[in-house]
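Q: I would like to learn how to read the features of a protein model, one at a time. Where do we start?

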Amino acid sequence: MNNPLPVSGTIIQIFGTKKCPDTRKAERWFKERGIKVQSIDLTEKGLSPGELKSVASRVGGVLSLVDRDGKRYAEKGLKHSAPSDTRLEALVLEDPLLLKTPIVRRGSDATLGFSPDVWDAWRKKG
C-alpha cells in the first residue's frame with residue numbers, strides 16, 4: 001500500500017492566515033494528495049523561538065521571512081528603520097503577522113510561499 005505521508009509519521013505544518021490566498025492554496029494542495037496537515041493560524045498563534053530559528057535557517061534567514069512589502073511592516077514603522085536580525089526576530093515572535101505566508105514545515109524542512117515543486121519532492125523522497 002502506498003503511504004500518502006511524505007515521511008511516515010511526519011506532520012506537515014502550514015503557518016498562515018485564513019485570508020491569505022496562498023495559504024489556502026497550500027492547504028488545498030496537500031488535501032488533494034491525501035496528506036494530512038496541521039494548520040496554524042498566525043492571527044491566533046505564532047512560531048515558537050525554536051521553530052522560527054529552524055525555519056529561518058532553511059529559507060535564508062529571518063529577513064527572508066518578513067513581509068517587508070506588507071501593510072503591517074509599514075504600520076510598525078519598520079520600512080525606514082532597517083532593524084537588525086535580532087530585532088526582527090523579536091518583532092516576529094511578538095507579532096507573527098509580519099511573516100510572509102504560507103510557511104510550510106515538514107520536520108526540519110521548510111518552505112516559504114506556495115512551493116508545490118518542493119512539496120512534491122518531499123512526497124517522492126518518502
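Q: What does the accessible surface of the protein come to, and what part belongs to carbon and sulfur atoms?
A: This is a predicted model. Its accessible surface is about 7300 Å², and carbon and sulfur atoms hold 50% of that.

Q: How many helices and strands are there in the secondary structure?
A: Elements are counted as DSSP runs. Here the count is 6 helices and 4 strands. Their order from the N terminus is β-α-β-α-α-α-α-β-β-α.

Q: Why is the protein described as compact as a globular protein of that length?
A: The radius of gyration is set against the globule rule. For 126 residues the rule gives 14 Å and the protein has 15 Å, which is close, so the protein is as compact as a globular protein of that length. Along the principal axes, the C-alpha trace spans about 55 × 25 × 25 Å.

Q: What percentage of the residues is buried?
A: Buried means under 20% relative accessible area. Of the 126 residues in the protein, 40% are buried.

Q: What share of the contacts with a separation of 6 or more comes from residues 24 or more positions apart?
A: Such residues account for 66% of those contacts in the protein.

Q: In which sense do strands β1 and β2 pair?
A: Strand pairing is read from bridges. Strand β1, residues 12–16, and strand β2, residues 37–41, are joined by 5 bridges in the parallel sense.

Q: What is the handedness of the β-α-β unit made by β1, helix α1 and β2?
A: The unit is right-handed, with helix α1 covering residues 21–32.

Conventions: Residues numbered from 1 in each chain as written. Predicted model: local features only at pLDDT ≥ 70, side-chain atom pairs only at ≥ 80, totals over all residues. Heavy atoms only, no water. Pairing = 2+ DSSP bridges. Helix = DSSP H or I, 4+ residues; strand = E, 2+ residues; numbered from the N terminus. Right-handed = clockwise from strand over helix to strand, strands pointing away. Rg over C-alpha atoms; globule rule 2.2 N^0.38 Å. Buried < 20%, exposed > 50% of the residue type's maximum accessible area, 1.4 Å probe, protein only. Contact = heavy atoms within 4.5 Å. Areas by Shrake-Rupley, 256 points an atom, 1.4 Å probe, with all protein chains shown as cover.
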